[in-house]
Amino acid sequence: LPCNGIIKDGRGYTAGRAGFTTRDGDAVMVVQQYVNAVPGNPLATYLSTLKSLANQESGSVSGLSGYCSAWQQASKDAAFKAAQNSVVDELYFNPSQKAASKIGVKYALSLAFFYDTIIQHGGGNDPDSLSALVKSTTSALGGTPLTGIDEKTWVTKFIAVRKADLLNAYEPSTRDAWAESAGRADVYAYIASTGNWDLDGPIPLKGAGGYKDTIP
């Protein structure tokens, strides 16, 4: 994701592989790892400000003039890509797969949806988080695949629960921007409707607003 401005979700600047934000602390983790590997890199000058914004959970971009240009410059560096990959694994991929395993989902589509969900909703405990959505789905169905609920039934409901949250997020600052991204859930719902739970390619995609594409 290119760093090209604010997407009005209350999280400041968003950029990089996982949409790292200047408010939520993942951007500063990436920059810190990059500074550790390459001192004096284009983003090093922003480290102190990023720490302050993350500590305050502030969506302000004050003190970040030129940040996006520096991010774009750094994006050409393999060490910067490695820093992003490391943070993605630590904060998003590994926790999402652990959460999926905990409730007993195994299909590739299910695992991908858990990953996509934690990327956008985070791995915390707030009402919009992955854990909250899993809890809501489990409550609605009276269990999980681990306790005997059919996995396809559970994940189909999970997709619907996430879409409902995107359309009316608990956090006011994200509500409008997230409503515009509800099509992310539609794409997964479409794949599920085709029966391609193993994500065998090519994978046709369809979503809201006439969106169509194919993953080879």
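Modeller: The dialogue below treats aromatic pairs and then helix contacts. This is a predicted model, in which local features need pLDDT of at least 70 and side-chain atom pairs count only at pLDDT 80 or more, while totals for chains, interfaces and linings use all residues. Residues are numbered from 1 along each chain as its sequence is written, and side-chain values use heavy atoms, with hydrogens and water left out.

Biologist: How many aromatic pairs are there?

Modeller: Rings of Phe, Tyr and Trp (its six-membered ring) pair if their centres lie within 6.5 Å; planes under 30 degrees apart are stacked, over 60 edge-to-face, and the rest tilted. The count by this rule is 13 aromatic pairs. In one of them, the ring centres of Tyr 34 and Phe 80 are 4.8 Å apart with planes at 45°, so the pair is tilted.

Biologist: Which parts of the chain does the pair of Tyr 34 and Phe 80 link?

Modeller: Helices (H or I, at least four residues) and strands (E, at least two) are DSSP runs, numbered from the N terminus. Tyr 34 belongs to helix α1 (residues 26-37) and Phe 80 to helix α4 (residues 78-103), 46 residues apart. Both Tyr 34 and Phe 80 are buried, where buried means under 20% relative accessible area, exposed over 50% and partly exposed in between (1.4 Å probe, protein chains only). Tyr 34 and Phe 80 also belong to one aromatic cluster, with Tyr 13, Phe 20, Tyr 46, Tyr 67 and Trp 71.

Biologist: At what angle do the axes of α1 and α4 cross?

Modeller: Axes are lines fitted to C-alpha atoms, for helices over the stretch in contact, and angles run from 0 to 180 degrees between N-to-C directions. The axes of α1 and α4 come within 9 Å and cross at roughly 135°. Angles under 35 degrees count as roughly parallel, over 145 as roughly antiparallel, 65 to 115 as roughly perpendicular and the rest as oblique; α1 and α4 are therefore oblique to each other.

Biologist: How does the pairing of α7 and α9 read?

Modeller: The axes of helix α7 (residues 151-167) and α9 cross at roughly 165° and come within 9 Å. These two helices, α7 and α9, are therefore roughly antiparallel.

Biologist: Which residues of α7 and α9 meet?

Modeller: Contact means heavy atoms within 4.5 Å. Ile 159, Arg 162 and Lys 163 in α7 meet residues of α9, including Arg 184, Asp 186 and Tyr 188.
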